Amino acid sequence: MSDFQLKFYTNFIKEDRYMYLLKGLGNTLIITLFAVVIGVVLGFLVAIIRSTYAKTGRLKLLNALCGIYLTVIRGTPMMIQLMIMFYVVFVSSNNKILVAVIAFGINSGAYVAEIVRSGIMSIDQGQFEAGRSLGFSYPQTMWYIIMPQAFKNVLPALANEFIVLLKETSICGYIGLMDLTRGGDIIRSRTYEAFMPLIAVAIIYLIMVVGLTALVGKLERRLRASER
Amino acid sequence: MKNMKKVAAAVLGVCMAASLMACGSSAATENAAPAETAAAEKTAAESTDSSAAVTCVDDLPGKIIGVQLGTTGDIYASDYEAEGSTIERYNKGADAIQALKQGKLDCVIIDNQPAQAFVEKNDDLKILDEEFAVEDYAICISKDNAELTESINGALAELKAEGILDSIIGNYIGDDTKGQSPYVSPEGVDRSNGTLTMATNAAFEPYEFYDGDKIVGIDADMAQAVCDKLGYELQIEDMEFDSIINAVQSGKADIGVAGMTVTQDRLTSVDFTDPYTTAKQVIIVRK
């Protein structure tokens, strides 16, 4: 037991090493939070453009652009996208968090777009027709009739995407940004012990994901209340 | 169109202000992509402003220093964190060099030999005359394997006495001797003792690097020479530098050879053989 305590001391307490984890956790949360916001906005926009094209044939040019966006983002690894953002696109920017937020946001947007589109397409065509015959315009039908139903359907898949995003930020270390994983790596490179830092990092991720899942579960229950 | 002009004007304005203020210091904004937003230009300009160039070790406090994670450069440079320096830890030395070239860092602290290789390939970089630290390189071996440490020490001593070690190092370092004396295993070596797995991080020229799909370098040749002496088959595993000691501790690799410096911290986790060479940590800056 004293061996365990000693290891705990050298890995976390000595030289304030827990600060690496704390600072890293902060960065991970900031990146995830803002990337989710960008991802949701981008994703919903792209999904609406794509499903509008599928249903009405309008927005042809925008649809083609969105198609390219989806192909490129989903067809290349996140790590490469992050490195391109840091070393090629934002050459003169030294704000790593901003670069990471943009890179992860753009990446997440592509996946959110397909999730939301599947939700929109899953709503029966009759709902559209009913809305239009009640005198709603297309955007109004979308906003008041289709979206609320679609959102409920895609919530589990959306939550999944955010969990994936949260964990995927662990590659931030590749651009020298200190996220939670890199914080653990730094401790590991100082103490040369794998167990403590890795397990600690894993537990912190797990707690965050469990929390996120619980939140989404609550939201799902709230939304389902309208079904009764 | 109007907006574009405004942005362009703002960018130009920031650039001019920056170059006026930073008169004499190298301006990294020159190679900035024109499509950058004004805000991005601004941060870049600010970071170059704060970097009244590093010219000696005493200039390091308050600067943005790039290192490779887990190297001695990282460990020594981290002492400057208390003095207001920012330490940026990259997976590879080459990544840090890239960031330095783009003006994201003020300097990079790295081993002398790879530094020479980097500076040779990048005209816009130079090594400061004053070294950052001097250190010994050695092979790390698990504490449970004292026997292997002993026998490798014996082999190293023989290699030193026979001049083989010097010729291996000379084959990679030094303008006159480079490529002159490649190491070749002696004929008919008995390899009945099994396989010796060596963990390394093959992004550290000239100690270990990829030549085609083969890992070569001083460490690779030296490990081969040691294996020839001791009757092992050498197998090289490439991994991240900060994983090497873990791999050796857990038995995934028998020895770690990666231009690794003997430090007190590392000695608490693994054993080291006698040093096979010494090296310097140097500071690379933009010209």
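In this predicted model, helix 6 and helix 8 of chain B pack against each other at an angle of about 110 degrees, and their axes lie 9 Å apart. Helix 6 of chain B is therefore roughly perpendicular to helix 8 of chain B. On the helix 6 side, the residues that meet helix 8 of chain B are B:Ser151, B:Ile152, B:Ala155, B:Leu156, B:Glu158 and B:Leu159. Their partners in helix 8 of chain B are B:Ala225, B:Val226, B:Lys229 and B:Leu230. Sorted by class, this helix-to-helix contact holds seven nonpolar residues, one polar residue and two charged residues.

Helix 6 of chain B itself deserves a look. Helix 6 covers residues 146-161 of chain B, 16 residues in all, and extends 23 Å from its first C-alpha to its last. That span is close to the 22 Å expected at 1.5 Å a residue. The helix has a buried set of residues, made up of B:Thr149, B:Ile152, B:Leu156 and B:Leu159. These four sit on the same side of helix 6 of chain B because they cover an arc of only 85 degrees around the axis.

What do the buried residues of helix 6 of chain B pack against? Their partners in chain B are strand 6 (140-141), helix 7 (164-172), helix 8 (218-230) and strand 13 (271-272). Just after helix 6 of chain B comes B:Gly163, with a positive phi of about 80 degrees.

Around this helix, chain B as a whole contains 10 helices and 14 strands. Chain B has 287 residues, of which 46% count as buried. Among the contacts in chain B with a separation of 6 or more, 69% are between residues 24 or more positions apart.

Chain A is built from nine helices and zero strands, giving the pattern α-α-α-α-α-α-α-α-α along the sequence. The C-alpha trace of chain A spans about 75 × 45 × 20 Å along its principal axes. Of the 228 residues of chain A, 35% count as buried. For contacts in chain A between residues at least 6 apart in sequence, 75% join residues at least 24 apart.

Most residues other than glycine have a negative phi, and most peptide bonds are trans. A:Glu15, in the loop between helix 1 (2-13) and helix 2 (18-56) of chain A, has a positive phi near 55 degrees. A:Asp16 is found in the loop between helix 1 and helix 2 of chain A, and its phi is likewise positive, near 55 degrees. Are these residues buried or exposed? A:Glu15 is partly exposed, because 13 other C-beta atoms lie within 10 Å. A:Asp16 counts as exposed, because it has 9 C-beta neighbours inside 10 Å.

Finally, the two chains touch. Their contact draws 17 residues from chain A and 28 residues from chain B. On the side of chain A that touches chain B, helix 8 (residues 180-191) of chain A gives the most, with five residues. The residues on that side of chain A comprise seven nonpolar, seven polar and three charged.

Conventions: Residues numbered from 1 in each chain as written. Chains lettered and ligands numbered in written order. Predicted model: local features only at pLDDT ≥ 70, side-chain atom pairs only at ≥ 80, totals over all residues. Contact = placed C-beta atoms within 7 Å. Helix = DSSP H or I, 4+ residues; strand = E, 2+ residues; numbered from the N terminus. Nonpolar A, V, L, I, M, F, W, Y, C, P; charged D, E, K, R; others polar. Expected span 1.5 Å × (residues − 1). Buried ≥ 20, exposed ≤ 12 C-beta atoms within 10 Å, placed from the backbone. Arc of directions from axis to C-beta. Axes fitted to C-alpha atoms, helices over the stretch in contact; angles between N-to-C directions. Parallel < 35°, antiparallel > 145°, perpendicular 65-115°, else oblique.
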